[in-house]
Structure formats: C-alpha cells, structure tokens
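Student: Could you take me through one part of this model slowly and carefully? I would like to see how a single spot is described first, and then what is found elsewhere in the chain.

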Amino acid sequence: MAGTKPRGLHRTGVALAALIALTATAGCGSDSDGPAKASSSPPGERPTKADSPKRPKPEPEPSVSAADGRDITACADGNCEIAVSEPVKIPFKGPRGPATLSVTQVGPNTIAYTVKSGNGQSKGSASGPGQGCITVLRSNGSGNSCGGLGDAGRPSPQPDAVVIQAATGEDGTAVLQLVSDR
C-alpha cells in the first residue's frame, strides 16, 4: 500500500473542491470592488412602473375649450381666447403699444393677474365658482371689475381699448379672452 492514498482523504478533497467552486460562483455578479446592489424586482419579474425612470408629465388637457387652445402667441394682436393652468406672461398689442398680461396665480376657482402697459399697471383677482375679472385697457388708463361672470360670454370690443376677461375654472384651468377693436 505504499503509493496509494487512503480512500477517505480522496473523498474529502473532492468535496472541498466542490465547496470552493460553489462559493466562488455565489460571489459573482458585480464587477466592482463594492457590494453588489440588490435588484428591486425579484428574479424573473418585470420592473413595475415605480421602477422605471420618471418621465415628464404631459400638461393636462383643459376641461374647457378655448378658441386658441393654450397658444399665447395668438394674443399678440390683442384678440384671443386661451386656456391657462399655470402662471404665464402674455405679450400683446395694447392701445399705447406693447403690453403684457401676467397671470400670477391660477388654481381651482382662482385667478390673479397683472396688466402692464407703458407706465401703467392694473391688477385683478377672483376666487370662487363662476367668478372672474374684466379689465379695460385704454390709452389714457385702465379699469377693473371683478365678481360673478355668470354667462357673460365674450366681451364686446370697445373703441381704442383692449378688453380682458379672466374666468376661473373648477379644475384649475382659467379662460382668458382679449378683445380689441382691431
């Protein structure tokens, strides 16, 4: 028996080799020196929406229809009907040249804005269902009236003026109408 190994030692060597191989493969999965990160989804399952990268939300469609949609450039000539659901600046041609309508707040049944023309400024705000404001911008000044609009419809044009009507909306979408005699 001088050149043979004992049988028990051979089995131990095979078992030890198998254990080393199993341990080596269990540690695989990361090429970095740091700890491997666990997947948020169990193996074999597809990632859920919460796992997917965030995409920008599309702007919600207004619940009210406006002739010019959300296109603020349609107001450049002082005549438009648009829907807004966030603060926005709207440049337009006023009776004394360039003017700006700045919506400063809009939300459910709420609207607030400022109109600037030349050295003049006018502010309007309303809150509550069916509420709104009308601002008449003239070459020699402006005037505001805020309160219930009811079924006011489109404001009538006035000579040498731009009439602005801002109506609140239940879902946070306000309708702005600019009307001029041009």
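Tutor: Ser127 lies in strand β5, which covers residues 120-127; a strand here is a DSSP run of E with at least two residues, numbered from the N terminus. The model is predicted, so local features need pLDDT of at least 70 and side-chain atom pairs count only at pLDDT 80 or more, while totals for chains, interfaces and linings use all residues. Residues are numbered from 1 along each chain as its sequence is written, and side-chain values use heavy atoms, leaving out hydrogens and water.

Is Ser127 buried or exposed? Its relative accessible area is 54%, so Ser127 is exposed, given that exposed means over 50%, buried under 20% and partly exposed in between, with a 1.4 Å probe and protein chains only. Leaving aside residues up to four places away in sequence, Ser127 touches Asn109 and Thr110, where contact means heavy atoms within 4.5 Å. Ser127 and Gly169 are separated by 42 residues in sequence, and their C-alpha atoms are 9.4 Å apart in space.

Elsewhere in the chain, five strands form an open sheet in the order β1-β9-β8-β6-β7, with antiparallel pairing; two strands pair if DSSP finds at least two bridges between them. At the edges are β1 (80-84) and β7 (141-148), each of which pairs on one side only. The partner of β1 is β9 (residues 174-180), and the two run antiparallel over five bridges, with Glu81 standing opposite Gln177 in β9.

The structure also holds two disulfides, a disulfide being a pair of cysteine sulfur atoms within 2.5 Å. One of them joins Cys75 to Cys80, with 1.9 Å from S to S, and the torsion about this S-S bond is about 85°, so the disulfide is right-handed. Cys75 counts as buried at 0% relative accessibility, and Cys80 is buried as well, with a relative accessible area of 2%.

Cys133 and Cys146 form a disulfide too, with their sulfur atoms 2.0 Å apart, and with 110° about the S-S bond this link is right-handed. Cys133 lies in strand β6 (residues 131-138) and Cys146 in strand β7, so the pair ties together parts that are 13 residues apart in sequence. Cys133 counts as buried at 0% relative accessibility, whereas Cys146, at 39%, counts as partly exposed. When the bonded cysteines of the protein are numbered in sequence order, the pairing reads 1-2, 3-4.

Key
Helix = DSSP H or I, 4+ residues; strand = E, 2+ residues; numbered from the N terminus.
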